[in-house]
Amino acid sequence: MNDLKHSKPPIRELLVLNFTNHDFQGERELKQFNWLCIQADSFDCALQYLNSNQIKIAIAIISNSPTQKILHAINQLNDHQNGLVWIAITEETHPLDNKLTACLSRYFVDYHHQPVDWKRLNHTLGHAYGMAVLKKSLHSNLQSKNHGNGLLGNSQLIKQLKTNLSKVADSDESVLISGETGTGKGLCAHLIHSQSRRETGPFITINCGALPQSLIHSELFGHEKGAFTGADKQYIGHIERANKGTLFLDEIGDLSLESQVNLLQFLEEHIIERLGGSRNIPIDCRIIFASHVNLEAAVEEGRFREDLYYRINILHLHAPSLREHKEDIPLLASEYLELFNPESRKYTLSPKALDTMLAYEWPGNVRELKNRIHRAIIMANSEQLNAADLGIKITHIQPDVNDVVDLAQHRVEIDTELLLDAIKRNNHNISAAARELKISRTTFYRLIKKCKIKL
């Protein structure tokens, strides 16, 4: 009994990511508390350690270095290893910049000033380690409970989508998920990954619409030190980070034509070359694409490569808009009420509020429904939520059916005029006419057929 009472806790690994120019001096001090410090002085080094170790908590040693650089690195590491818990150690005694200070509570469970009180830090680390273990356990239980059923809804459309997700997950082919913003395309991608043979590998996400066009190539494929001005270190791109796992490319329709060429080449060869590098790197990852843009229309307009579209459109899933399965609204509302209800109060929807929700068209789809219920709970004056709390206004003006038909006919007339003019200017040379309009010959012939033009 005494041996058990005085036995040391097991050695626990701790990632230390240093954003300063000074060495971390705490390795010896923390060793006495059975912490094994794994030090990294760059993002790529930290990523390598995470790949080879089961690390649950991390320390970020920060100063007034660029806030965006710090937060970008932490976000990327969190994407790679779900459930990583962070503690900050601030180097300077003078105040940090306002932007970084505002982010401390969002990204870190606690922070300490230099010089460090090692006993206090050990207590914080122990608490953080316990939280990380609990988060991992809850995440595993949730995955087990919702395996294949993470999409809420009992409508026929959602049931069919769940079935198709399970079928697609068994394959290792690329997948294209279409659907409006807020329909759950990202959730679908996560479910495919979690049900696939790659579920133990990384799940890496990049939003193609959120990055400047000049950075997309570097973010996808990485770069070597000195590849361009400001490239002071080697950078591992998202595709390489997704090796043995899944890469989720959201808003693929916003990718530049130049980047589309490089992506198509990777899909064919599964080999990348970092920007500024000369070495071919084989990559084994599955890619899931998502777009709220109609890619077929983007192909016709010359904004998306036709060959890339057909390459990624082998397995195609569509996330339906909430308007198409309104029968799921009561279930969704109930789930989100349960999620946002505080412990001290239990909010419910009034019958009129539910009727309003069923009549509303939900342009923001499920994401909008979730946000409106959250808003209603915050703004409500009573425990029964009404339509005003939800902030929903119903307009009963419906477009005239004839107006829609006229608009469609007007589009055909414009296309017909453009095509005929291009054909005449190029002496009936279809290839030349297609080049002038910056569309492919296949698209040109498709439009000719649609507009009923006789050559």
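Is tryptophan 35 buried or exposed? Tryptophan 35 is buried, because its relative accessible area is 2%, and the cut-off for buried is under 20%. This is a predicted model, so a word on confidence comes next.

The chain has an average pLDDT of 81. Of its residues, 83% score at least 70. One is residues 141-149, which still has 7 contacts beyond near neighbours in sequence. Where pLDDT is low, predicted coordinates should not be read in detail.

Back to tryptophan 35. The whole structure holds 5 aromatic pairs. In one of them, the ring centres of tryptophan 35 and tyrosine 129 lie 6.1 Å apart. Their planes meet at 65°, so this pair is edge-to-face. The pair joins distant parts of the chain: tryptophan 35 belongs to strand 2 (residues 35-40), and tyrosine 129 to helix 6 (residues 118-145), 94 residues apart. Tyrosine 129 counts as partly exposed, because its relative accessibility is 21%.

Another edge-to-face pair is formed by tyrosine 360 and tryptophan 362. Here the centres are 4.7 Å apart and the planes stand at 80°. Both tyrosine 360 and tryptophan 362 are buried.

Now to the nonpolar cores. The largest has 30 residues. Leu249, Ile252, Leu263, Phe266, Ile287, Phe289 and Phe304 touch the most other members. Several elements each supply at least two residues, including strand 8 (246-250), strand 11 (286-291) and helix 13 (306-312). Helix 11 gives the largest share, 4 residues. Leucine 263 shows how the parts meet. Leaving aside residues up to four places away in sequence, leucine 263 touches Phe221, Leu249, Ile252, Leu255, Ile287 and Phe289.

The last stop is helix 20 (residues 441-450). Its buried residues include Thr443, Phe444, Leu447 and Ile448. These four cover an arc of only 140° around the axis, so they lie on the same side of helix 20. An α-helix has 3.6 residues a turn, so residues three or four places apart point the same way. After helix 20 comes lysine 452, with a positive phi near 60°.

Key
Residues numbered from 1 in each chain as written. Predicted model: local features only at pLDDT ≥ 70, side-chain atom pairs only at ≥ 80, totals over all residues. Heavy atoms only, no water. pLDDT = per-residue confidence, 0-100. Contact = heavy atoms within 4.5 Å. Phe/Tyr/Trp six-rings, centres within 6.5 Å; stacked < 30°, edge-to-face > 60°. Buried < 20%, exposed > 50% of the residue type's maximum accessible area, 1.4 Å probe, protein only. Arc of directions from axis to C-beta. Core = buried A, V, L, I, M, F, W, Y, C linked by side-chain atoms within 4.5 Å.
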